[in-house]
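Morning, everyone. Please look at the model on the screen while I talk.

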Amino acid sequence: MTTEKYNYYVNVLRDELVPAMGCTEPIAIAYAAARARAALGSFPEACEIAVSGNIIKNAKSVVVPHTNGMKGIGAALVAGLVAGNPEARLEVISHVTNAQISEMHRLVDTLPITITLAESEYPFDIGVRLFKGSDTS
C-alpha cells in the first residue's frame, strides 16, 4: 500500500469514526432525544419514538450509561431529554449529575412515552417526536 493510499484511509476513518459512550443504539436514541429537545426549545410534556427492529433488539435490554442502571428505549430517551448535550454527538450523556439521574428515574415512569416500530426500509432508524402544548419537534 502506498503512503498516499494509507493517508487517504486514515483520513476517511478520522472523518467517519465518532466516539460513542456505551452501546451505540441507546446512545443514538439519547442523541436524537437531545436534538429534538433543543429543537422544541423546552422540556416536552409527551414523547413519541419510532425505532426499527434492529434498534429495538439492540437497545431494549442494554444499560444506558450514567443512569444508575436504567435499561431500554424509554430510559435512553429520557436520559437524552434530561441530561443530553446534542453538541457532544454520541457522547451526548457523558456529563450527568446525580440530580439529573434522579430526574431520569422519576420521568421514565411518569412522562408519557409512546414507543412504536418504525415503518422504514432502513435497518437502523430512529424517529423522535416531542410535544409541549401546541408545539412539536
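Start with Ala28. Leaving aside neighbours within four places in sequence, Ala28 is in contact with Leu90 and Ile126. Contact here means heavy atoms within 4.5 Å. Ala28 is found in helix H2. Helices (H or I, at least four residues) and strands (E, at least two) are DSSP runs, numbered from the N terminus. Ala28 has a relative accessible area of 23%, so it counts as partly exposed. The cut-offs: buried is under 20% relative accessible area, exposed is over 50%, and partly exposed is in between, with a 1.4 Å probe and protein chains only. Gly80 is 52 residues away along the chain from Ala28, and their C-alpha atoms are separated by 9.2 Å.

Some ground rules. This is a predicted model, in which local features need pLDDT of at least 70 and side-chain atom pairs count only at pLDDT 80 or more, while totals for chains, interfaces and linings use all residues. Residues are numbered from 1 along each chain as its sequence is written, and side-chain values use heavy atoms, with hydrogens and water left out.

Now the helix pairs. Two packed helices are described by the angle between their axes and the distance between the axes. Axes are lines fitted to C-alpha atoms, for helices over the stretch in contact, and angles run from 0 to 180 degrees between N-to-C directions.

Take H2, residues 24-40, and H4, residues 73-83. Their axes come within 7 Å and cross at roughly 40 degrees. That makes H2 oblique to H4. For reference, angles under 35 degrees are roughly parallel, over 145 roughly antiparallel, 65 to 115 roughly perpendicular, and the rest oblique. Which residues of H2 make the contact? Pro26, Ile29, Ala30, Ala33, Ala34 and Arg37. From H4 come Ile73, Ala76, Leu77, Gly80, Leu81 and Val82.

Next, H4 against H5, residues 98-110. The axes are 9 Å apart, at an angle of about 135 degrees. So H4 is oblique to H5 as well. On the H4 side, the contact uses Gly74, Ala75, Val78, Ala79, Val82 and Ala83. They meet Gln100, Glu103, Met104, Leu107 and Val108 of H5.

Is H4 mostly covered or mostly open? Mostly covered: 11 of its 11 residues are buried. Those buried residues pack against H2, E1, H3, H5, strand E2 (113-117) and E3.

That brings us to the core. A nonpolar core is a set of buried Ala, Val, Leu, Ile, Met, Phe, Trp, Tyr and Cys residues joined through side-chain atoms within 4.5 Å. The largest one has 30 residues. Ile29, Ile49, Leu77, Leu81, Ile93, Met104 and Leu130 touch the most other members. H2, strand E1 (46-51), helix H3 (53-59), H4, H5 and strand E3 (126-132) each supply at least two residues. H4 gives the largest share, 9 residues.

Look at Met104. Not counting residues up to four places away in sequence, Met104 touches His66, Thr67, Met70, Val78, Ala79, Val82, Ala83 and Val96.

Last, a contrast: His95. Where is His95? In the loop between H4 and H5. His95 counts as exposed because its relative accessibility is 69%. Beyond four places in sequence, His95 touches Ala83 and Gln100. Gly41 is 54 residues from His95 along the chain, and their C-alpha atoms are separated by 20 Å.
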